[in-house]
Amino acid sequence: MSVSNLLKVSDTRRVSPTRKGITPCGVTKIKVASVGFFYIQGSDYLNIITVEHLNKIFKTKVKKEGFRQSVRSILRPQYKTVKAVSDIGFSVQKGEMLAFIGPNGAGKSTTIKMLTGILYPTSGTIDVLGMNPVNDRMKLSFRIGSVFGQKSQLWFHLPPGDSFKLLGSIFEIPARELRKRISFLRELFEIEDLMDIPVRKLSLGQRIRCEIAGSLLHRPDIIFLDEPTIGLDVVVKQKIRDLVKRLNREEDVTIFLTSHDVGDIEQLCKRAIIINNGEIVLDESIKKIKYNYLKKKVIDVKYSENIDLKLDIPSMTIVKAKDYSAKIEVDISSGTIEEAVDKLMRVGSVMDINISDQPLEEIISDIYQGLCNP
Amino acid sequence: MVKIKKYWTVFKISIQNSLIYTSSFVTGLIFYAFIIFIFINLWRVIYLKKELIAGFTYNQVIWYCIVTELITISTGGNIFRTISNDIKNGAIGYNLNKPYNYIFYNISNNMGNVVIRLFFNAIIGIAMGFIFVGRIQGFDVIYLPLMLICIISAIFLNLILFSAVGLTAFWFEENSAFFWIVQKVMFMGGLFFPLDMMPGWIRNIALVLPFSYVTYAPARTIVKFNPNDFSWMFLIQVTYILVLLILNMLIFRKGVKAINVNGG
């Protein structure tokens with residue numbers, strides 16, 4: 001059990017390693033109510049994932065177009081090296097819910113696979129729960145869980161109950177404990193009625209709930225969720241998010257989430273790491289991302305009469321304008337909201353006005369494209 | 001004990017799973033009965049003028065074919081396909097994340113299917129043998145458990161052989177060619193007729209290769225049973241099983257390092 005479970009931690013801060021013999025994870029300074037500060041060394045405590053200078057290079061065969069090139073590629077194959085992950089470093093604390101995001105091919109899945117010991121890094125160090133995933137893959141698997149939204153770990157033709165029993169046996173869970181655990185997860189995930197239905201007959205949302213429940217049987221310390229809500233409808237997505245939140249709260253499971261759905265990130269995570277072209281472009285709290293990178297506000301305005309909207313202020317852009325209503329984007333780095341609202345008020349008689357932040361989705365997409373600078 | 005129990009559970013679950021694919025083993029069963037029927041007629045014509053060919057009577061050669069086909073058809077090529085596909089489509093990621101040995105997992109996972117097919121094929125095979133040629137000449141019921149051991153260890157050896165071939169997918173995107181080659185070599189290892197009918201030099205080569213211990217050796221031991229032959233054959237089978245298991249582990253360990261999980 002970690003220190004954070006034993007004591008009520010009121011303030012945690014990382015301090016830079018200065019003394020000799022300190023582990024790569026550094027030292028964590030903890031303030032405990034009524035006791036004062038104390039220091040913890042090493043990775044087994046608060047930092048449960050530490051990655052330093054991690055690289056992964058893939059070698060792929062290249063073949064140019066045409067018959068001659070095909071023959072040539074057999075006789076003299078040419079290879080291209082692709083840097084999937086390039087010198088990345090980060091750490092994750094116990095109980096954290098972290099979003100690991102980036103566009104397709106950014107290196108997200110490659111990183112997760114290295115963290116779980118599936119892929120061997122080309123260079124760099126990884127420490128997960130005090131273990132090196134490459135050398136201790138089997139040992140580590142008892143303490144981590146993973147759900148890949150696009151792949152299944154349940155037996156397709158059998159009911160989830162059978163798969164759970166199998167997983168319980170694979171994770172060497174004693175029978176009585178397994179029964180208790182299954183009944184707890186069954187209730188939590190509301191899958192009581194699904195336990196006897198073959199997995200192939202479940203809907204995607206039902207299956208994903210069973211997948212996540214299955215990956216929690218062995219009480220993992222960390223769970224890697226790789227696009228868990230992909231292809232789900234809004235209601236089911238929300239349900240999955242609520243479950244993940246509850247899980248984190250009740251069992252103190254660390255969540256390592258990758259998703260293309262900004263809703264997942266916004267609602268679940270406090271911190272996000274953005275990766276693009278194999279490099280970490282940002283490692284910041286969601287709040288700070290919004291604060292630092294929010295360059296635009298969106299104004300929705302409704303008039304009581306038909307208006308012909310024409311704007312001569314450079315910081316304002318019309319996104320949509322039709323009859324009585326308009327949607328305007330205001331660049332707050334070159335103009336002010338006050339100026340914008342004032343201008344819109346002058347156009348006609350305003351019935352309703354709503355000012356909102358630029359959606360996180362757009363901010364992230366701007367960060368991917370390098371359009372955003374803090 | 002807990003470590004072994006997990007493979008037992010995998011085996012039990014795979015039996016349940018196989019029972020769902022009834023159409024698969026019913027078609028396998030029809031195929032098996034059809035092949036045996038062809039052999040019965042083919043060998044009947046060959047034995048019209050002779051009573052003994054290379055030391056085998058008609059009765060023995062039919063039972064020989066019933067056994068070799070029983071072993072190969074019941075094993076099938078599922079283990080090869082599962083392992084190759086796992087590696088090619090990246091599903092192996094889920095397997096590597098679990099605390100079990102991937103090779104043992106796949107063997108136990110396939111054994112469920114094999115046991116079911118073996119059970120039904122054996123009923124058909126034995127029934128056809130009894131109907132067309134009568135019981136095995138010199139059959140003694142005391143040796144029945146040892147005969148069963150011959151078959152089970154041959155199936156193990158076959159699975160391990162094809163699992164090694166499946167693991168080549170770590171390096172070859174299209175590895176079916178290896179499967180076909182091994183399968184054809186298996187034909188020459190005494191699948192259709194005893195190696196005793198082959199020229200001496202081919203027989204000598206075949207006898208040092210593992211393939212003949214999947215088909216020829218166990219089938220010959222069953223139709224011409226004597227405890228001494230059985231002991232030798234079983235010893236060689238076990239040795240090959242262990243050697244190939246180690247080979248599997250080595251290929252797997254090397255393959256995992258070279259893994260390029262497809263689909264990011």
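**Exercise 1. Determine which residue forms a salt bridge with Glu251(A), and where the two partners lie.**

*Solution.* Step 1: Glu251(A) forms a salt bridge with Arg181(A), and their closest N and O atoms are 2.8 Å apart. A salt bridge here is a side-chain nitrogen of Lys or Arg within 4 Å of a carboxyl oxygen of Asp or Glu. Step 2: the pair links distant parts of the chain, 70 residues apart, with Glu251(A) in helix α8 (residues 234–251) of chain A and Arg181(A) in helix α6 (residues 175–188) of chain A. Helices (H or I, at least four residues) and strands (E, at least two) are DSSP runs, numbered from the N terminus. Step 3: over all chains, the structure holds 18 salt bridges.

This is a predicted model, in which local features need pLDDT of at least 70, side-chain atom pairs count only at pLDDT 80 or more, and totals for chains, interfaces and linings use all residues. Residues are numbered from 1 along each chain as its sequence is written, chains are lettered from A in the order in which they are written, and side-chain values use heavy atoms, without hydrogens and water.

**Exercise 2. Describe the confidence along chain A.**

*Solution.* Step 2: confidence in chain A is lowest in strand β1 (residues 9–15), with a mean of 39, and highest in strand β7 (residues 123–128), at 94. Step 3: residues 1–45 of chain A have a pLDDT below 50.

**Exercise 3. Characterise the interface of chain B and chain A.**

*Solution.* Step 1: the contact (heavy atoms within 4.5 Å) takes 33 residues from chain B and 32 residues from chain A. Step 2: the two chains bury about 2,900 Å² between them, 63% of it on carbon and sulfur atoms. Buried area is the accessible area (1.4 Å probe) that two parts lose on being put together, summed over both. Step 3: Tyr94(B), Asn97(B) and Pro99(B) supply 25% of the area that chain B buries against chain A, more than any other three residues. Step 4: two salt bridges are found across this interface. Glu172(A) forms a salt bridge with Lys3(B), with the closest N and O atoms 3.1 Å apart. Step 5: α1(B) gives the most to the side of chain B that touches chain A, with eleven residues.

Notes:
pLDDT = per-residue confidence, 0-100.
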